[in-house]
Amino acid sequence: MSDEQQNPFKELSYYGLSLLSFLRESHPTLADDASFIAERADSAAEAYSEAIRAGMSHIEAEAVAAEALYRGLYFSPYDTLVRILWDEFAAEVPEEAARTVALRLLPLCREALAKYELTDDFTATPEYDRLYTELVGTVQILLEDGIQ
């Protein structure tokens with residue numbers, strides 16, 4: 001088995017490493033998708049280069065690259081579930097277990113999540129409060145059913 005097959009993230013670029021870190025924290029189900037990470041990293045690097053060629057400052061170009069890198073990832077259903085566990089179910093789920101439990105609950109909450117258009121600015125919409133409430137109910141049922 002080659003080194004790349006053993007560790008497909010071994011030679012990630014700055015953007016690839018940045019995205020991988022973000023995904024591990026907020027979108028753990030995407031963190032193993034090496035091709036997704038590579039494509040996004042390449043897109044961010046290209047966006048940065050184009051912005052510099054267009055006369056933008058390094059700070060402006062970095063903002064353009066970040067937009068390409070994180071597009072569609074700013075809202076995280078996983079982070080929302082973790083927050084719900086911390087805020088609403090602290091007595092049932094210890095804080096240190098919340099991330100593990102949220103990862104188990106995430107696929108079981110897909111039906112509720114599918115009802116909403118989960119855009120990058122979703123938390124600023126009235127629909128976020130509805131989703132939050134629906135997820136609290138779903139999590140309550142799942143925890144009562146013994147899913148942890």
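**Entry 1: the chain as a whole**

In what order do the elements of the chain run from the N terminus on? I read them off as α-α-α-α-α-α-α-α, and the tally for the chain is eight helices and zero strands. Helices (H or I, at least four residues) and strands (E, at least two) are DSSP runs here, numbered from the N terminus.

I note that this is a predicted model, in which local features need pLDDT of at least 70 and side-chain atom pairs count only at pLDDT 80 or more, while totals for chains, interfaces and linings use all residues. Residues are numbered from 1 along each chain as its sequence is written, and side-chain values use heavy atoms, with hydrogens and water left out.

I looked up the extent of the C-alpha trace, which spans about 55 × 45 × 25 Å along its principal axes. Of the 148 residues, 36% count as buried, where buried means under 20% relative accessible area, exposed over 50% and partly exposed in between (1.4 Å probe, protein chains only). For contacts (heavy atoms within 4.5 Å), I found that 61% of those between residues at least 6 apart in sequence join residues at least 24 apart.

Helix 4 (58-70) has 13 residues and reaches 18 Å from its first C-alpha to its last, close to the 18 Å expected at 1.5 Å a residue; the expected span is 1.5 Å times one less than the number of residues. I list Ala61, Ala65, Ala68, Leu69 and Tyr70 as its buried residues, and their cover includes helix 2 (14-26) and helix 3 (34-53). Just after helix 4, Gly72 takes a positive phi of about 80 degrees.

The axes of helix 2 and helix 4 come within 11 Å and cross at roughly 50 degrees, which makes helix 2 oblique to helix 4. Axes are lines fitted to C-alpha atoms, for helices over the stretch in contact, and angles run from 0 to 180 degrees between N-to-C directions; under 35 degrees counts as roughly parallel, over 145 as roughly antiparallel, 65 to 115 as roughly perpendicular and the rest as oblique. On the helix 2 side I find Tyr14, Tyr15, Ser18, Leu19 and Phe22, which meet Glu62, Ala65, Leu69 and Tyr70 in helix 4.

Is Ser76 buried or exposed? It counts as buried, because its relative accessibility is 4%, and it is found in the loop between helix 4 and helix 5. Leaving out residues up to four places away in sequence, I see that Ser76 touches Ser26 and His27.

The 12 residues of helix 5 should span 16 Å at 1.5 Å a residue, and its end C-alpha atoms are 16 Å apart, which agrees. Its buried residues are Pro77, Tyr78, Asp79, Thr80, Leu81, Val82, Ile84 and Leu85, and what covers them includes helix 2, helix 6 (98-105), helix 7 (110-114) and helix 8.

I then turned to the pair formed by helix 5 (residues 77-88) and helix 8 (residues 126-144), which pack at an angle of about 70 degrees with their axes 10 Å apart; helix 5 is therefore roughly perpendicular to helix 8. The contact is made by Thr80, Leu81, Arg83, Ile84, Leu85, Asp87 and Glu88 of helix 5, and by Tyr128, Tyr132, Leu135, Val136, Val139 and Leu143 of helix 8.
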